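Dear colleague,

Please find below the structure that I am handing over to you, together with its sequence.

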Amino acid sequence: MVYHESKFFILWLFCHSVYCASFTPAFFERRSDEKSCKHNIDILKDSEQVKIFEEEENRENYPMNFFFTPGFPKISYPANLTCTWHIKGRNGTGLFKILFDYVDVEYSKGCHYDKVRVYKKGFGQHFWEKVGKTMCGMMSDYRIEFIAESVFVLMESDDTIDGAGFNGTFSLDYPENKPIIKCIGLLNDPQCSRQITVKKLSSINLICQAQGDPTPVSQWMRWVNDTTERIEDSILKDENTDGNAILHNIRLSDAGFYQCSTRNKHGHEEQLIELTVEDRCICKKYIEMAWFDFPPYTPYVDGYLKRREVIIKGIFYEVIQKMVDDICGTCPLQGETVIVWNRQMNMLKPIEVFERDVQQNQFSVAFPLLMHRDIQWERFKELYFLPVVDHPGYVYLQKRLTGDSQAIFRALAPCTVIFIMLSLITICAGQIMWFLELRYNKEEFPPTVLQGFSQGIWWSFATATTVGYGDVTPRGFPGRVFSVIWIFGGIIMVSITVGQMITSLTLQSIKTKGTIPVDTKVGVLNQSDSHYYAVRLTNAAVREYDVVQELVNDVQNGRLDGCLVDAYVADFNSNFHMLEKQATFTEREKKYGVVFNESVIDPATYNLFNMYMKSNEQLVQNAIDRNTGDFPETLEKQIVDPENNAFQMALVSLVAMCVVFGLAGILYDYAYKQPNTRYLMEMLDYNMIEETSEVYEKAHALKKLKKETLYGMEDIHEGLLQKMETINRKHDTQQKKFKDWEAHFNVHKDEPILQTKF
């Protein structure tokens, strides 16, 4: 039942606003004689006073919060009556207490005829919800308490009259934790003024201080055409739920009313401010530039036109000119902004004087100034710093050198110790193998020391290098065990040696980057930070130069070991192209930028310049490309330099040797081999040798017979050797017996010999 009744009231509210004075339900079928009464009750700030609007005609203040049916209690309520009371508190929810003192309406089971019902609507709720029970018959002192934002009481009667009606009272208590805006306006404004006037492109910090429990959520909106809209992202820099909002780059079209709305579950409150924007010029009429001479960053003369007009270029010159034209432009109050590029007046040196004049506001804009990323860019010694160009790093330049004929020997010099150790170990391994194989393999490892050592060393080198010719092989078990050990050990030692050789040759052939030899004489340009960088890196002896040509000449003449310069300066100045790059150092944590005087810039204009630079990085890159050349590529230092005289002589010698050996081969073929071939061919022509299949068969049989004969001779040789060994053993035995007999004879030679007669 509650669901259907709520549904009917939703339909009814869809057709009628809750704020209007007419509250006739849309779902009632009204007859021609049906009567109605409607009441809108708005509670004033003083909860003891109410305003009752009856039919939008009679407006009276009642000292008490009460409501009753028409004619109560003197006469009965009319038939066919639809009477409504809409009670609404001030912004937010509260505790409603409704007391029906006396109710006397027609009774029916289920209250189908005459009835009284109460509905409520909470904060943020879009439908009516029935409260309590449906009343009919006679009852008294019926109380209802609930939390709501508004209440709707409805009484309906049919075509019969039976009852006096009812009367009731209500009260509404608001909790102390309803959100209340205490201050709205600008930050740090004790007056909380709601009339705010700002300059064009300036920034402001709006506040909306509200109290409540729980903490209310605040949001800033803008009034446009009698409705609220979100503030555009182009001017809304930051906003939080505490009511703080930062507006920046404010335009003339951003003027108007802005509303702060704060709310929590107990209610909400809104207040307005008015923003007025005054027009102004972004930049001054004349902007004077100051710089110290440091091309290609600063302006320089790149040529002349036909009318003797000077062509000026420079990275900062192009970027600043374009930025000022795009941002400052032409202002109606003063006209077009003009940049003063007076070279004789504005060019400064040295850099210490340049920084001093900038700090003393001698110039409007000064550049290029080098700043570290960790330093706050927005303010530099009470000035505004605008980063423009990333530091390209430094290059260390040296005199161009031709190839070194002894480079390969210097590269292999560190491997000398390893060569010696490997040779000694290999010789020892060959000697060990000779001792192990002396008993088992006298043919390949002869007993003589010189031949045995040479065979063992030959075997050890062939095995260690994994060549393995196979002409010398161990046969005994000890030798084979040692061979396995030597194979693994040789592979390891040879791999170490080859790796060291490759490393030395590679380090000799490539160009070492990122290092400067310690305690070297390094030249730098005056007014640059290369001096500090060179000392910090290598503790080098640094000499400063004002003229680039003098610096390059001293490097080429050997008075300096090299020079350290800015990478863009090296690319721009062709004098440095006579040298070669030896090392490169990155310095990405630094930036070259522009310093603005406070007399020509404010935070809003600085933000415009800063945003312009961030969104036009390609503009800077294009200016760099146009004002820096391509440094000649430095050839990597090769072990074998084609331009070296020694290499050319060796190449000529090898070609000559190839020619000599080729001619010798041709001479041998023509003078020796070909005559023999011709003699054999002549014999064939004279039929002295018949070239038939029988001849080939006999030759094959002869070859086979020769092979078998050799095998037979080897067998006979082995048999003879065995017989000789047997004869030698018998000879040794007989010789031993003879020596024993001779010794015995010498002992008994003085004794008489017995003669025996037979």
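A search of the whole structure, which is a predicted model, finds 5 disulfides. As you will know, a disulfide is a covalent bond between the sulfur atoms of two cysteines.

The torsion about its S-S bond is about -105 degrees, so the link of C183 and C192 is left-handed. As for accessibility, C183 has a relative accessible area of 8% and is therefore buried, the cut-off being under 20%. C192, at 22% relative accessibility, counts as partly exposed.

Another disulfide joins C281 to C331, with an S to S distance of 1.9 Å. Here the torsion about the S-S bond is about -80 degrees, so this disulfide is left-handed. The link connects distant parts of the chain, 50 residues apart: C281 sits in the loop between β20 (267-278) and β21 (286-292), while C331 belongs to strand β24 (residues 330-331). Both of these cysteines, C281 and C331, are buried.

The loop between β20 and β21 also holds C283, whose partner C328 lies in the loop between α2 (315-327) and β24. These two cysteines are 45 residues apart, and their pairing again links distant parts of the chain. The sulfur atoms of C283 and C328 are 1.7 Å apart and form a disulfide. With -60 degrees about the S-S bond, the link of C283 and C328 is left-handed. C283 is buried, as is C328.

Two further cysteines may be of interest to you for their accessibility. C428 has a relative accessible area of 42% and is partly exposed, whereas C563 is buried, with a value of 0%.

I turn now to the helices. Two packed helices are described by the angle between their axes and the distance between the axes. Helix α12 (residues 603-615) packs against helix α13 (residues 617-627) at an angle of about 70 degrees, and their axes are 4 Å apart. Because angles of 65 to 115 degrees count as roughly perpendicular, α12 is roughly perpendicular to α13. On the α12 side, the contact is made by Y612, M613, K614 and S615; on the α13 side, E617, L619 and V620 take part. By class, this contact of α12 with α13 comprises 4 nonpolar, 1 polar and 2 charged residues.

With kind regards

Technical notes: Residues are numbered from 1 along each chain as its sequence is written. This is a predicted model: local features need pLDDT of at least 70, side-chain atom pairs count only at pLDDT 80 or more; totals for chains, interfaces and linings use all residues. Side-chain values use heavy atoms; hydrogens and water are left out. Axes are lines fitted to C-alpha atoms, for helices over the stretch in contact, and angles run from 0 to 180 degrees between N-to-C directions. Angles under 35 degrees count as roughly parallel, over 145 as roughly antiparallel, 65 to 115 as roughly perpendicular and the rest as oblique. Contact means heavy atoms within 4.5 Å. Ala, Val, Leu, Ile, Met, Phe, Trp, Tyr, Cys and Pro count as nonpolar, Asp, Glu, Lys and Arg as charged, and the others, Gly among them, as polar. A disulfide is a pair of cysteine sulfur atoms within 2.5 Å. Buried means under 20% relative accessible area, exposed over 50%, partly exposed in between (1.4 Å probe, protein chains only).
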